Amino acid sequence: LFAFLVRIITGPLMKKSFQSSQKMQTVQPKLKQLQEKHKKNSQKLNQEMVKLYKTEGVNPLGGCLPMLLQMPLLFSLFLVFRSTIEFRGAPFFWWISNLAQPDTIFYLPFYVPIYGDQVAFLPILLGVSMFLTQKMSMAAMDSQQKPMMYMMSAFFFLLFNSFPSGLNLYYLVYNVLNYLQQKSLKRA
């Protein structure tokens with residue numbers, strides 16, 4: 001429910017962010033031309049890029065704002081789920097028996113750095129949702145940037161494996177809602 005509430009509040013920002021990233025993708029060919037033209041003069045390149053952004057109505061940082069707004073919320077939720085006594089041992093549904101601990105489905109016989117020695121199910125779903133969302137938003141992205149974005153999804157998957165299941169559940173629902181919003185915006 002909290003993820004739905006946050007999505008309702010951040011929905012308009014996410015819409016603008018998505019539209020901004022779509023505009024940035026349409027400007028990419030012109031940007032490459034400018035980079036080729038002004039290879040040796042970085043000051044002139046920056047001036048021309050700012051001019052291009054103004055004429056095309058594009059804000060290169062427009063896609064970052066919703067993520068910047070969400071980061072303090074994620075940090076807060078991380079602390080809440082780790083330290084709030086009421087969440088300890090609080091079951092949610094099916095395999096999630098403790099919102100303050102990872103939703104471990106089985107343990108590995110060895111330890112993997114960053115990942116840990118348990119396999120949790122919500123981070124797997126979270127990784128898939130992040131991958132699908134990024135794949136949709138990166139359709140026209142520069143091919144050199146795509147591997148970095150995929151590596152970020154993989155890193156989040158590894159990192160979130162040891163996080164509380166309550167936080168993973170929140171972020172999973174938030175990502176699914178984000179994916180559905182982007183899909184509906186793409187159709188429009």
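This is a tour of one protein chain, stop by stop, for use with a viewer.

The model is predicted, so local features need pLDDT of at least 70 and side-chain atom pairs count only at pLDDT 80 or more, while totals for chains, interfaces and linings use all residues. Residues are numbered from 1 along each chain as its sequence is written, and side-chain values use heavy atoms, with hydrogens and water left out.

**Whole chain**

Show the chain as a cartoon. It has six helices and two strands; helices (H or I, at least four residues) and strands (E, at least two) are DSSP runs, numbered from the N terminus. Along the sequence their pattern is α-α-α-β-β-α-α-α. The C-alpha trace spans about 60 × 40 × 30 Å along its principal axes.

Of the 188 residues, 38% are buried. Buried means under 20% relative accessible area, exposed over 50%, and partly exposed in between, with a 1.4 Å probe and protein chains only. Take the contacts (heavy atoms within 4.5 Å) between residues at least 6 apart in sequence: 64% of them join residues at least 24 apart.

**E36**

Select E36, which lies in helix α1. Is E36 buried or exposed? E36 is exposed, with a relative accessible area of 54%.

**Helix α2**

Select residues 42-56, the 15 residues of α2. From first C-alpha to last, α2 reaches 21 Å, close to the 21 Å expected at 1.5 Å a residue. The expected span of a helix is 1.5 Å times one less than its number of residues.

Colour L45, E48, M49, L52 and Y53, which are buried in α2. They cover an arc of only 140° around the axis, which puts them on the same side of α2. The arc is that of the directions from the helix axis to the C-beta atoms. An α-helix has 3.6 residues a turn, so residues three or four places apart point the same way.

The buried residues of α2 pack against α1. On the other side of α2, Q43, K51, K54 and T55 are exposed. Just after α2, click on G57, which takes a positive phi of about 70°.

**Helix α4**

Move to residues 121-137, helix α4. Its 17 residues should span 24 Å at 1.5 Å a residue, and its end C-alpha atoms are 25 Å apart, which agrees. The buried residues of α4 include L122, P123, L126 and G127. Among the elements that cover them are β2 (116-120) and α5 (146-160).

**Helix α5**

Select α5 and colour its buried residues, S153, F156 and F160. They cover an arc of only 65° around the axis, which puts them on the same side of α5. These buried residues pack against α4 and α6. Turn to the other side of α5 to find M148 and M151, which are exposed.

**Second largest pocket**

Finally, select L1, F2, A3, F4, L77, F81, F92, L99, G166, L169, Y170 and V173, which line the second largest pocket. On a 1 Å grid over the protein atoms alone, a pocket is an open set of points where a 1.4 Å probe fits, with protein on both sides within 12 Å along at least five of seven lines; lining residues have an atom within 4 Å of a point.

Which helix gives the most to this lining? α6 does, with four residues. The lining divides into 11 nonpolar residues, one polar and no charged.

Definitions and conventions
Ala, Val, Leu, Ile, Met, Phe, Trp, Tyr, Cys and Pro count as nonpolar, Asp, Glu, Lys and Arg as charged, and the others, Gly among them, as polar.
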